[in-house]
Amino acid sequence: MTAIPATMTAMGWDAPGGPEVLRPEIAAVPQPGPGQVLVKVAYAGVNRPDVIQRQGFYPAPADASPLPGLEISGHVVAQGDGVIVPFVGQSVCALVAGGGYAEYCLAEAAQCFDAGDIALDEAAAIPETLFTVWHNVFERGMVAEGETILVHGGTSGIGSMAILLGKLFDVRVIVTCGGADKCAQALNIGAAHAIDYKTTDFVEQVSRITGGKGVEMVLDMVAGDYVARNLKCLADDGRHVTIAVQGGVRAEINMAEVMRRRITMTGSTLRPRTKAFKAALADEIRETVWPVIAAGELRPVMDQCFALTEAAAAHVRMEQGAHIGKIVLKVA
């Protein structure tokens, strides 16, 4: 095993701002504590929360690395007390609370998955969206086999994972996308219907597609004035789950409608949740979804790979919104 250096290259910033504030820095290689492993990072996933953190609006939890990066793949090179698996030398991917944009990153052993035969660029693109979609669609959203859901941002990392998991569990997924090309891409991924929100009213289209019934659940990444429109898309007893507020943090809704139609409204953010919660979520994913991934039957939709030191360009691509699926950084 190659000796672990004392320092590493990482991507950080001096002050919040646009993508241009990202720059390489030399940081100390972290040391794994109880229940943790140190991963020599091969690839790091790029996610919308990274962008929001860089802008100064989504600080890392107090016990997490201040560096961006919420998912990684690579090889375990050291472990803390109490760790049995994964073992040193094993290839893994992991959900982390920060620190992924670096040559080495700490991960909770309980949040690691055996990468096995999965290409490491794809492995790095799985954890954050898989945890987010599984929890918010299948747990909080209580989606069941045979139901229909509406997902905004159908070609994003979250949207594409929702489509893939929908296919796996016999859930019909209707998505919204910005433009005919993106709609075509979403259909190619496996969406049942793709609505171009730039040219049509998605509320009217959902009503048409569902024969006026509406969908059982909406996965909302927009919030703002979309919320009232989303409620119009829901069937009676429908569930509305918000996971991002790209369209604004405030929404005006008719609470009488919520009561009359027995609508459930909820939402969540993953990063601040406890290690115990994430470990339990990982266990459920390990039992329900990971065997399918390990068998090669589900792979993330990949967009573009950038070098670690090109993280600014990766953020530009994400903010432009032209990407289809996941953006990753090649670290080693």
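Ile 84, Val 85 and Phe 87 make a nonpolar surface patch of about 350 Å². Such patches consist of residues with over 30% relative accessible area and no salt bridge, with nonpolar side chains (Val, Leu, Ile, Met, Phe, Trp, Tyr) joined within 5 Å and like charges within 9 Å. A salt bridge is a side-chain nitrogen of Lys or Arg within 4 Å of a carboxyl oxygen of Asp or Glu, and accessible areas come from the Shrake-Rupley method with a 1.4 Å probe, with only the protein chains shown counting as cover for residues. The model is predicted: local features need pLDDT of at least 70 and side-chain atom pairs pLDDT 80 or more, while totals for chains, interfaces and linings use all residues. Residues are numbered from 1 along each chain as its sequence is written, and side-chain values use heavy atoms, leaving out hydrogens and water.

Phe 87 lies in the loop between strand S4 (71-79) and strand S5 (91-95); helices (H or I, at least four residues) and strands (E, at least two) are DSSP runs numbered from the N terminus. Phe 87 counts as partly exposed, at 46% relative accessibility, where buried means under 20%, exposed over 50% and partly exposed in between (1.4 Å probe, protein chains only). Pro 86 is found in the loop between S4 and S5, and a cis peptide bond with omega of about -5° joins Val 85 to Pro 86.

Helix H4 (residues 157-168) has 12 residues and spans 17 Å from its first C-alpha to its last, close to the expected 16 Å; the expected span is 1.5 Å times one less than the number of residues. Of the 12 residues of H4, 10 are buried, so the helix is largely enclosed by the rest of the structure. The buried residues include Ile 158, Met 161, Leu 164 and Leu 165. Elements packed against the buried residues of H4 include helix H3 (127-140), strand S8 (148-152) and helix H5 (180-189), contact meaning heavy atoms within 4.5 Å. Asp 170, with a positive phi near 55°, follows H4.

Glu 147 is placed in the loop between H3 and S8 and counts as buried at 16% relative accessibility. Not counting residues up to four places away in sequence, Glu 147 touches Met 142, Asp 170, Val 171, Arg 172, Glu 216 and Arg 239.

Ala 223 has phi near 60° and is buried, with a relative accessible area of 6%. Arg 262, with phi near 55°, is partly exposed at 46%.
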